Amino acid sequence: MKIAFSSMDGSPDSALEMRFGRAKYFVLYDTESREFSNYENQSSADAAQGAGIQAARNIVESGASAIISGHCGPKAFKALSAAAVKIFLIEEGGLSVKAALEKYLSGQVAEASNPDVEGHWI
Amino acid sequence: MICAVASGKGGTGKTFISSTMATAWKGELTLFDCDVEEPNARLFLKAETESVEEIGSEHPYLSDSHCNGCGRCASLCRFNAIMHSKGKKPLFFTELCHSCGTCMTLCPEKAIGRFVETSGTLETAHRGTMKILTGRLKTGNPLAAPLIKKILKKLDRTEENIIDCPPGTSCPFIAAVSPADYVILVTEETPFGLHDMQIAAEVLEILRKPFGIVVNKTENRVFHELNDFINKKKIEVLGRIPWSLETAQCLSRGELPEEKYSDTFAEIHLKAREDFQRKRGASL
């Protein structure tokens, strides 16, 4: 399975981007091959509106079945849920994507059952 | 003629200029208040609302049995209002829908129907020979453009019309200036006023709308950047209105200093008409 991380610059060492819809990149991690790749989320980062929904569509296109981000608004949550993508949120700032992955793999991140912020929260 | 008064930056004096210009017009005229998030021209003009009409916007809904989950609607939507994932049926986010109708028209299975939802109201008032049509966005509805487009369907091209536009340079601005023959851009001698006016001018160039400028609240300061822009772009300056504390106080009481500006605005209106005729002649 592939997991997507919202990221500042697309590398596994970059910081986990706290915003989902406006993240410039997603870092993808394949749990079987244990390899990283990335997916450019520019179309959503630059969207005039509906960034969360566009990002959810990009996630689906990237083949990821779970996302790890800082926060998730109501429309992105609804769109990801409709596509059966699991959502994990790490509120703690300053973590790298790799550190977030370790946290997730060690079972310290619970799946989100609700959006945790309003749209346009930042 | 249909003359739109716009600015880019808010607070430059669009309502002041459009309303006063409307009072200075001798004869029948319709003033459209398209600043639908906070319409206030009617308040300045002290006209009572006579009738209120509900305005609806069309949004898509899915006829499940016809949809084959192809996702064409989601890929066509310019407003990110449709979520689709492979093998599933699309999910519509009505709050993001601009009522453009693309998904409904181009669905290969004709699986998308339309439903009408109230997006705001249109209020009618009169003052002498002036008719005032006020658009008012329903509280909680974030999208002004579909309502503005609906309201401006009431334009009668054979008559004289003034449109008081919303601030900004995005969809609501474009919806309000699109039917206009000519646009009066109101600016002020501040970097913010100039910056937003430049963007508005750029948009109007793309839309191929003739426009001129009114510099409001001028203190005749030497503001090179504004003058350079006007000279470089060869923009018609329709008028310069001096800063006046008295006028500011009058407006903040909710009153229009009509008499004081009657001649000034009649002249600006006339210059706008002449500039429109000249530019139309040049483009024919």
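Predicted model: local features only at pLDDT ≥ 70, side-chain atom pairs only at ≥ 80, totals over all residues.
## Interface of chain B and chain A

Chain B brings 16 residues to the contact, and chain A brings 15 residues. About 1,300 Å² of area is buried between the two chains, and 61% of this comes from carbon and sulfur atoms. On the side of chain B, Asn80(B), Met83(B) and Phe93(B) account for 45% of the area buried against chain A, more than any other three residues. Helix 3 and strand 4 (82-83) of chain B are the elements that each give two or more residues to this side.

The side of chain B that touches chain A is made up of 8 nonpolar, 5 polar and 3 charged residues. The number of salt bridges between chain B and chain A is 0. Polar contacts are found across the interface for 6 residue pairs, with both residues at pLDDT 80 or more.

## Largest pocket

The largest pocket has a volume of about 870 Å³. Its lining consists of 36 residues, and those nearest the centre are Arg22(A), Gln49(A), Gly50(A), Ala51(A) and His120(A). Elements of both chains give two or more residues to the lining: helix 2 (51-62) and helix 3 (74-82) from chain A, and helix 6 (171-177) from chain B.

Sorted by class, the residues that line the largest pocket are 18 nonpolar, 11 polar and 7 charged.

## Cavities

Rolling a probe the size of a water molecule over the atoms shows where empty space is left. In this model there are 2 cavities of 30 Å³ or more.

The largest cavity holds about 100 Å³ of space. It is lined by 14 residues, with Cys77(B), Ile82(B), Cys97(B), Cys100(B) and Cys103(B) closest to the centre. Helix 3 (72-76) and helix 4 (102-106) of chain B each give at least two residues to this lining. The lining of the largest cavity contains 10 nonpolar and 4 polar residues, and no charged residues.

## Second largest cavity

For the second largest cavity the volume is about 80 Å³. Its lining has 14 residues, and Cys67(B), Cys70(B), Gly71(B), Cys73(B) and Cys107(B) are the ones nearest the centre. By class, the lining of the second largest cavity comprises 9 nonpolar, 3 polar and 2 charged residues.

How values were computed
Residues numbered from 1 in each chain as written. Chains lettered and ligands numbered in written order. Heavy atoms only, no water. 1 Å grid on protein atoms, 1.4 Å probe; cavity = no way out; pocket = protein on both sides within 12 Å on 5 of 7 lines; lining within 4 Å. Points joined across faces, edges and corners; volume = space filled by probe spheres on them. Helix = DSSP H or I, 4+ residues; strand = E, 2+ residues; numbered from the N terminus. Nonpolar A, V, L, I, M, F, W, Y, C, P; charged D, E, K, R; others polar. Contact = heavy atoms within 4.5 Å. Buried area = accessible area lost by both parts, 1.4 Å probe. Salt bridge = Lys/Arg side-chain N within 4 Å of Asp/Glu carboxyl O. Polar contact = N/O pair within 3.5 Å; in protein donor to acceptor, adjacent residues only side chain to side chain.
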